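Colleague: I am new to reading protein models, so could we go through this one together, please?
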Amino acid sequence: MARPTRVGPEALSGVAGLDDLLEVASLIRGNIERVIEGKPEVVQLSLVVLLAEGHLLIEDVPGVGKTMLAKALARSIDCTVRRIQFTPDLLPSDVTGVSVYDMEAREFEFKPGAVFANIVVGDEINRASPKTQSALLEAMEERQVTVDGTTYVLEAPFMVIATQNPIEMEGTYPLPEAQRDRFTARVSMGYPSVEAEIEMLDTHGGPAALDDLEPVADAVTVRKLIDIVRGVHVSADVKRYVVELANATRSAPELRLGASPRASLQLLRASRALAALEGRDYVLPDDVQTMAAPVLAHRLLPTAEAQVARRSTESVVADLVARLPLPDLRKN
Amino acid sequence: MSIKEQLTLAAGLAVALATSALFPLFQGNDWLAKVLGAVLVVVAAGLVGRRLGLPRVLQPVLGLAVLFGYLSLVFAGSSLAFGLVPTARTLDVLQTLVRSGQDDIARFGPPVPAHDGMVLLTAAGVGGVAVLVDLVAVVLDRVAVAGLPLLVMFAVPSAVLPGGIGGLPFILGALGWLSLLLVEGSERVGRWGTPMRSSLPGARPGGDDSSLGRVGRRIGFAAVSLAVVIPAFIPGLDHRLLAGSDGGGGSGSGSGPNSARTYNALTTLRDQLTLPKPTTLLVYRTDDPHPDYLRMTTLGQFTGDGWKAADLVADRENAKVQKSVPTPIGDGGAHQPVNMRIVPDHGHLDVHWLPVPFGPTKVDVEGTWLWDPSSQTVFSASSTTKNLTSYSVRASRVLPDRDALARAQVNGIDPSISELYGQAIDVSPYVKQLTAKVVKGQTSEYDKAVALQRYFTSPLNGYVYNLRASQPTPGQDPVDAFLLGKNGFCEQYATTMAAMLRVAGIPSRVAVGFTPGTQDSSDKQVYSVTTHDAHAWPEAWFAGTGWVRFEPTPAVSGSTVPSYSVPAPVTPVNPTDPTGPSAARTAGAGGHPAGHTDPDLLAATRSTASPTSRPHAQASSRWLLVPVAVALVLILPLLLTLVRRRRRWAHPNPLTAWEQLWDDATDVGYRWHPADSPRAAAQRLADSRGLTGPVAAALERVAVATERARYAPPGRLPDGDLRPDVNEVRNALRQGSPALVRLRAAVFASSTLGWAGRGLGDRIADLTERFDNGLAALSRPLRRRAATR
């Protein structure tokens with residue numbers, strides 16, 4: 001079986017525990033913040049998604065640094081990075097790859113597509129046709145690609161960082177629910193603060209800052225970090241809380257479609273990653289509450305009434321979090 | 001109208017409804033308007049105070065002030081300066097009224113006449129309860145607890161009414177309290193917003209307020225019904241709620257105007273004896289040189305609790321005592337005619353029975369007074385002795401003959417007597433054994449009766465006359481208690497001997513009336529009878545002679561031991577019988593008054609009677625019980641709080657520390673957000689109560705320890721005692737709260753009340769669920785049948 005991905009250099013350090021995780025995370029964070037000013041929460045979220053083995057959807061208006069964030073994260077880790085610019089005429093085979101007949105060798109040779117990389121930056125994903133968007137589905141969920149009956153496994157870590165413009169913008173195809181569900185979290189960049197924007201003018205006025213970024217970790221390191229996150233303890237109460245929260249979205253009157261079981265799973269993974277990034281080897285309800293809106297909101301469909309009332313799914317999730325009682329602390 | 005104003009009105013309504021419990025205490029309804037007026041002014045004061053935005057602390061003060069003004073205006077209106085301002089004389093007038101009210105309480109058994117003194121006390125009490133209910137329900141915002149002061153309204157009548165207060169007043173009181181809860185509950189539900197109603201017909205959405213209301217009403221209805229019905233089916237709880245207020249008088253149903261519902265004569269007797277100062281009740285002139293006792297009525301039914309009177313029944317047309325009184329069954333032997341004119345003194349005696357000498361043949365009296373031949377009672381269903389100026393009695397007194405009595409046989413007992421007065425009674429084995437021991441060796445019924453009397457009167461047996469009678473311990477029979485404690489007054493001696501007579505197979509009953517009283521020093525035919533001459537004695541029935549009285553009470557002024565009831569001097573005395581010597585001592589007492597008042601014995605009994613056994617003690621101790629019970633109920637939450645805290649710290653860990661912290665903050669009125677994690681909850685509490693510095697650090701330590709205990713891998717409990725941290729936070733929370741809140745947290749800890757309420761609510765929910773399931777199971781076959789049809 002062809003393994004077309006390039007193996008990265010040796011690990012920068014022998015990662016073993018939480019302390020090492022915090023050290024590496026802080027290096028990556030510092031690296032990204034050199035080009036994305038004033039958005040620590042967004043940077044943190046992208047780290048969470050990386051460590052939770054998830055995919056990140058960055059949604060916002062053009063020009064607020066979506067692609068910059070994706071590229072900065074990709075560059076900070078010394079691993080294979082591919083960028084796909086989604087356009088209406090992009091074909092599925094451009095994403096997954098194609099088998100070409102080699103006249104000399106008299107056999108079909110697989111030419112891997114853009115998805116064969118540790119980090120795939122899908123720029124403006126909602127400008128491609130649904131058919132091409134769907135080509136990403138199998139890769140994102142199963143971490144493998146099947147072309148002409150042959151399955152090619154993708155190397156870990158594998159993370160898709162997609163950016164998209166809000167669907168009200170011209171020339172966009174709304175992302176199907178199934179595909180949205182495959183993104184662990186969605187984040188909005190938002191406009192930078194005045195100070196951050198002024199600083200950006202200074203920094204970015206000169207040579208391209210992004211090009212100066214040096215990798216601070218490699219694929220092996222990231223794989224070890226992911227292993228550490230998997231070992232973070234989750235108590236029965238927290239698990240119940242996660243499920244109750246997902247359940248609450250399914251019965252909320254403002255929502256037409258609630259969170260899927262996959263959403264519960266990803267919420268728990270993200271909470272684990274957040275706990276590890278905060279230096280804890282156990283998950284608190286606070287972690288779940290913090291991750292609830294980014295992980296759940298983009299999967300939910302509001303009812304017509306809620307849309308008319310201009311209620312965002314984020315605010316619905318925030319309401320649920322504020323109302324849903326924790327498993328009673330006072331009962332043993 | 002604001003919620004506080006609604007609660008004020010509901011509190012007033014609850015008190016007004018609870019007032020219905022006081023109806024059986026009074027004669028007539030004249031008192032009602034004045035008492036309800038007191039409630040009304042307290043409610044008005046509450047409403048005005050709340051409208052004016054008066055500080056909460058001052059609201060009960062305003063209520064009390066207005067109540068005092070109202071009482072002054074109504075009861076001492078003439079003493080007010082300019083018709084409005086209370087003066088020193090107002091206080092004097094009120095004080096005099098209060099004293100007369102206290103005298104009335106001591107003097108009368110219920111129903112008491114609605115004299116101003118009594119009504120003043122009642123209005124003040126009910127007004128005070130209204131202020132208290134307002135304080136608890138509206139000012140302190142503890143609506144459920146307001147049931148406690150309301151209970152006081154029921155405590156007094158149920159303590160003094162022999163038959164309890166009846167079901168209706170209880171239901172009305174419960175409804176009042178429920179309405180108070182309803183106002184508070186609907187306000188609490190209302191905070192969540194307007195409940196949505198389903199637009200679909202037949203739909204049953206969970207949030208429908210009508211279904212919510214339905215559940216509430218069902219619970220309320222079920223609770224009140226259970227409270228009324230259950231006591232009737234539980235042995236040990238008597239039928240007080242279901243029975244009327246007719247005390248010892250039985251059900252009273254179907255008795256019509258020719259019968260009287262009798263209050264317990266023994267209660268009346270007790271009340272008379274325990275008056276602080278003797279009051280003259282009757283003055284009479286008689287041609288009998290040695291007048292015997294005056295009888296009022298008899299108690300012929302023995303229940304487990306004691307002796308009770310049957311309904312008095314007579315034919316209104318034929319049983320009028322003015323015509324003539326038939327000779328009682330079995331009344332034989334020698335008779336002595338007696339003529340007596342009796343003048344009740346100032347209406348102090350207020351009973352439905354006419355005091356008459358033994359064996360009345362004709363009574364000249366105003367009004368409808370009837371003769372009940374069975375109990376040999378002259379009674380009136382429509383009036384009392386209070387309204388009588390005087391009456392005359394012609395009597396034919398039986399002079400029992402010792403020999404005739406000794407010849408009387410058991411099989412000679414008239415069936416009508418044995419049916420009513422000769423039935424075996426249910427007493428403890430001890431009473432049976434003792435009776436058998438005392439009457440051992442006695443052959444005739446008469447000898448047995450004499451032996452029983454001697455058993456009580458002999459000083460060797462250690463019986464002592466004491467107005468503070470030996471009280472039964474819980475579960476103990478009153479008769480046993482007296483026989484073992486050997487302290488009592490005429491009531492105990494008479495009822496116990498009557499019971500032992502029954503055990504010995506002799507028909508018996510307890511008679512209530514008066515000893516002959518004090519002879520006038522100038523006119524030897526005139527006697528005066530005071531409250532302290534009230535007396536009870538046993539009567540035994542002997543074939544051929546009829547009812548004969550005995551006197552087992554060792555020493556009481558004016559009581560006499562009948563000559564026939566002491567053995568003849570020739571009777572051989574059993575040397576082993578401890579009662580022997582008394583026979584010789586009282587043998588010579590052939591006439592009236594007899595020498596039962598052995599000076600030594602009298603001295604001995606008086607000296608053993610403690611100084612507090614003066615009359616009033618018993619009645620006042622009963623009244624004292626009420627505040628003591630209320631105090632106990634009030635202190636209960638405090639005790640529970642302490643016990644819960646102690647139990648928590650017995651096994652300290654972060655979770656119990658968190659529980660304690662949760663309760664402490666709840667007690668000072670903090671509302672936790674159940675969706676907050678420990679850390680977020682602690683932060684919110686610190687922000688809300690302005691906790692900073694070391695207190696905030698202590699709070700954070702508790703929160704972090706809690707989350708670690710709860711969420712970290714097992715076996716990682718943090719070290720260190722969290723108790724100082726929790727105590728520090730509690731102290732800071734209390735210091736930052738108003739005084740009223742601090743007091744409430746200490747005495748009425750809402751966490752404890754909530755915990756107890758939840759526990760109780762869970763039990764009730766379980767019970768009602770079982771009830772529902774049971775009903776469903778029962779009705780299932782019916783429904784199935786209906787479906788197949």
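Modeller: Let us begin with a bridge: in strand β12 of chain B, B:A395 is the bridge partner of B:V338. This is a predicted model, where local features need pLDDT of at least 70, side-chain atom pairs count only at pLDDT 80 or more, and totals for chains, interfaces and linings use all residues. Residues are numbered from 1 along each chain as its sequence is written, while chains are lettered from A and ligands numbered from 1 in the order in which they are written.

Colleague: How many bridges join β7(B) to β12(B)?
Modeller: Strands here are DSSP runs of E with at least two residues, helices are runs of H or I with at least four, and both are numbered from the N terminus. Strand β7(B) covers residues 334-344 and β12(B) covers residues 391-399, and they run antiparallel. Two strands pair if DSSP finds at least two bridges between them; for β7(B) and β12(B) the number is 9.

Colleague: Which are the edge strands of the open sheet with 6 strands in chain B?
Modeller: The order is β9-β12-β7-β2-β17-β16, with antiparallel pairing. An edge strand of this sheet pairs on one side only, and in chain B these are β9 (360-364) and β16 (518-519).

Colleague: Why is one side of β8(B) and of β19(B) left without a neighbour in the sheet?
Modeller: These strands belong to an open antiparallel sheet of 5 strands in chain B, ordered β8-β3-β15-β18-β19. For β8(B), 2 bridges join it to β3(B). One side of β8 (356-357) and of β19 (546-549) lacks a neighbour because each stands at an edge, with a single partner strand.

Colleague: Are α21(B) and α22(B) parallel or oblique to each other?
Modeller: Axes are lines fitted to C-alpha atoms, for helices over the stretch in contact, and angles run from 0 to 180 degrees between N-to-C directions. The axes of α21(B) (residues 693-711) and α22(B) (residues 723-735) come within 9 Å and cross at roughly 130°. Angles under 35 degrees count as roughly parallel, over 145 as roughly antiparallel, 65 to 115 as roughly perpendicular and the rest as oblique. The two helices are therefore oblique.

Colleague: Which elements give two or more residues to the side of chain B that touches chain A?
Modeller: Residues are in contact if their C-beta atoms, placed from the backbone, lie within 7 Å. The contact takes 16 residues from chain B and 18 residues from chain A. On the side of chain B, the elements are α19 (654-667), α20 (678-689) and α21.

Methods. Two residues are in contact if their C-beta atoms, placed from the backbone, lie within 7 Å.
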